[in-house]
Amino acid sequence: MQTAIRIDSHLDGAHERSLADDVLDGLTRPFKELPPKHFYDARGAELFDRICELPEYYPTRTERAILEHDAAELAMLTGAAELVELGSGTASKTRVLLDALERAGTLERYVPVDVTESMVRECAAQLTEEYPGLHVHGVIGDFERHLGEVPEAVGPRIVAFLGGTIGNFPPGSRRRVLREISRLLGPEDHLLLGTDLVKDPAVLRAAYDDTQGVTAEFNRNVLRVLNRELDADFEPEDFEHVALFDPEHEWIEMRLRARREHTTLVRELDLPVHFEAGEEMRTEISAKFTSERIEGDLAAAGLELVRIFTDPDELFALTLARVAQPSSSEQPSSS
Ligand code: SAH
Ligand code: AVI
């Protein structure tokens, strides 16, 4: 008999090397930068969960509401036997989709893919309890490097990339990641992509600079990760949380601003890093979308829109897409 849970881990020395490479590359530039994937150690994941509950952070509850409204239709449109989820986290919203697929009688397997090992393991254990008969094949890995490790589909599949995480990539990488994702899709499969939408900058800024300071703590957590993983000596409280909206690119930037001039040593890399007082280091971008931007990115990745689902206030969008079908004029003629 097949067991309900299988977990493959692809994070080994390579993961630490990727952190070291990102630090060597990002902290030696004139405008310092770190990629956001390093926020998510166990503490970062917990802080992110608290962000999702904040009154100012509307994306999570809005995406959940869209799913609750439209999951039955998604189940009908996709007939999915399998849900692959990239950056699955605690999979809290995913259950809405799993419920709909279970009700439709098509659900067989869930494949969570995340860099945070504890998340994948805990979510596999919980979901196999909650959904008797469900197989969970967890992939602990980096969705920028390990999509090739996603197992062969067991039937029509949805690849879900929820929460707006695609917006955490700059435009070029975003299209590259979407293209990689499109390789997971056969002709019967769908991508379900969550994207935050362009809106009043004041609403956006509040969502990334909450009054309780949870987002500030999440932002500073990346320094704790560097201290632990690379034996650095950052003092997180030496950095102030900054969230600004860039109107040209229509994205939020999170930065850490040095409160005083100082030099930090990243011992494992033998790397001194100097900060001027007031110097800012970028730790995340979170792009906001219009329907044109969504369609443009999909098209650049060889994907086409099936349907966009949104909430009544048009705060957030869930887009169903599939591999672009050749138009009738491009189809090879039979003669
Ligand atoms: N999908 C959830 C969680 C979003 S938070 C939601 O919508 O609420 C982003 C998640 O992506 C975290 O769980 C984080 O660990 C994961 N993540 C970030 N960068 C990643 C990467 N490069 N590869 C795999 N997982 C990543
Ligand atoms: C995971 N990602 C979509 C979140 C976002 O909104 O860009 C991460 C986050 N950063 C600050 N708050 C939440």
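So, helix α5, residues 117-130: R121 and E117 both sit in there, four residues apart, about one turn of the helix. Helices here are DSSP runs of H or I, at least four residues, and strands are runs of E, at least two, numbered from the N terminus. The side chains of R121 and E117 meet in a salt bridge at 2.9 Å, N to O. By salt bridge I mean a side-chain nitrogen of Lys or Arg within 4 Å of a carboxyl oxygen of Asp or Glu. R121 counts as partly exposed because its relative accessibility is 40%, and E117 is partly exposed too, at 39%. The cut-offs: buried is under 20% relative accessible area, exposed is over 50%, partly exposed is in between, with a 1.4 Å probe and protein chains only.

Quick word on the source: this is a predicted model, where local features need pLDDT of at least 70 and side-chain atom pairs count only at pLDDT 80 or more, while totals for chains, interfaces and linings use all residues. Residues are numbered from 1 along each chain as its sequence is written, and side-chain values use heavy atoms, with hydrogens and water left out.

Next pair: E237 and R220, bridged at 3.6 Å, N to O. This one links distant parts of the chain, with E237 in the loop between α8 and β7, and R220 in helix α8, 17 residues apart. Is R220 buried or exposed? Buried, at 9% relative accessibility, whereas E237 is partly exposed at 42%.

Then R267 and D231, closest N and O atoms 3.0 Å apart. R267 is in the loop between β9 and β10 and D231 in the loop between α8 and β7, so the bridge ties together parts 36 residues apart in sequence.

Overall, the count is 36 salt bridges.

Technical notes. Chains are lettered from A and ligands numbered from 1 in the order in which they are written.
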